[in-house]
Amino acid sequence: MCLTGQDADEKFKVNWKRVAVTSSFGFGFVGPVGHFWYEGLDRFIRLKLQLPPKSARFVATKVAMDSIIFGPLDLFVFFTYMGFSTGKNVAQVKEDLKRDFLPALVLEGGIWPIVQVANFRYVPVRYQLLYVNIFCLLDSAFLSWVEQQKDAAWKQWFTSFHSLEERGGKGGL
């Protein structure tokens, strides 16, 4: 099936309100929280764990802590904020989180650690948030896409890992 120029224009429209809401998340959460996160994470690993900066263990520890702590927190806040900003109630936001959180976490878990290895190894701490923000632009587009997929078939694979009780089982395998 081929789309004419007019059909393509009608199909692809930028939702400027959504762009503004997503940008507000970046300015209001990722920017301020990220600033303190990267500074504090670096200080914690250098001073408390006493790992030499830029060493393999230092970078691996930073990537692991970022992936385990900040990544899930960022996704949780993003999906919650986006839900409430579009007028959803608590129950709807919870449903969206159940549907979107795990797929986004798994898919991002394959990308962000690679981005962060380069960040933590080669970028000075004071510029790490700036480096990350470049990738956050792409990530925001990706997360918006994930959220807009609603109950897409590919998401069902992730939700199939929910508890046996949710799937109708009562204990045994």
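A nonpolar core, as I use the term, is a set of buried residues such as Ala, Val, Leu and Phe, joined through side-chain atoms within 4.5 Å. Keep that in mind. One more thing before we start: this is a predicted model.

So, the core. The largest nonpolar core here has 30 residues. Some of them have the most contacts inside it, including Tyr 38, Phe 78, Phe 79 and Ala 104. Phe 120, Val 132 and Leu 143 belong to that group too. Which elements give two or more residues to this core? They are helices H2, H3, H4, H5 and H6.

Now take Phe 78. Leave aside its neighbours within four places in sequence. Phe 78 is then in contact with Thr 22, Phe 25, Leu 143 and Ser 144. Leu 143 was on the core list as well.

Next, a pair of helices. H3 runs over 56-85, and H4 over 90-109. Their axes come within 9 Å and cross at roughly 145°. The crossing is right-handed. Who meets whom? On the H3 side we have Pro 72, Leu 75, Phe 76, Phe 79, Thr 80, Gly 83 and Phe 84. On the H4 side, the residues include Val 90, Leu 97, Asp 100, Ala 104 and Glu 108. By type, the contact has eleven nonpolar residues, two polar and two charged.

Last, the record. UniProt, in an unreviewed entry, places "transmembrane region" at residues 19-38 and 58-81. In the model, residues 19-38 are 100% helix, with end C-alpha atoms 26 Å apart. Residues 58-81 are also 100% helix, and there the end C-alpha atoms are 32 Å apart.

Definitions and conventions:
Residues numbered from 1 in each chain as written. Predicted model: local features only at pLDDT ≥ 70, side-chain atom pairs only at ≥ 80, totals over all residues. Heavy atoms only, no water. Buried < 20%, exposed > 50% of the residue type's maximum accessible area, 1.4 Å probe, protein only. Helix = DSSP H or I, 4+ residues; strand = E, 2+ residues; numbered from the N terminus. Contact = heavy atoms within 4.5 Å. UniProt positions renumbered as here; feature names shortened; annotations may be inferred. Axes fitted to C-alpha atoms, helices over the stretch in contact; angles between N-to-C directions. Left-handed = near helix turned anticlockwise from the far one by under 90°. Nonpolar A, V, L, I, M, F, W, Y, C, P; charged D, E, K, R; others polar.
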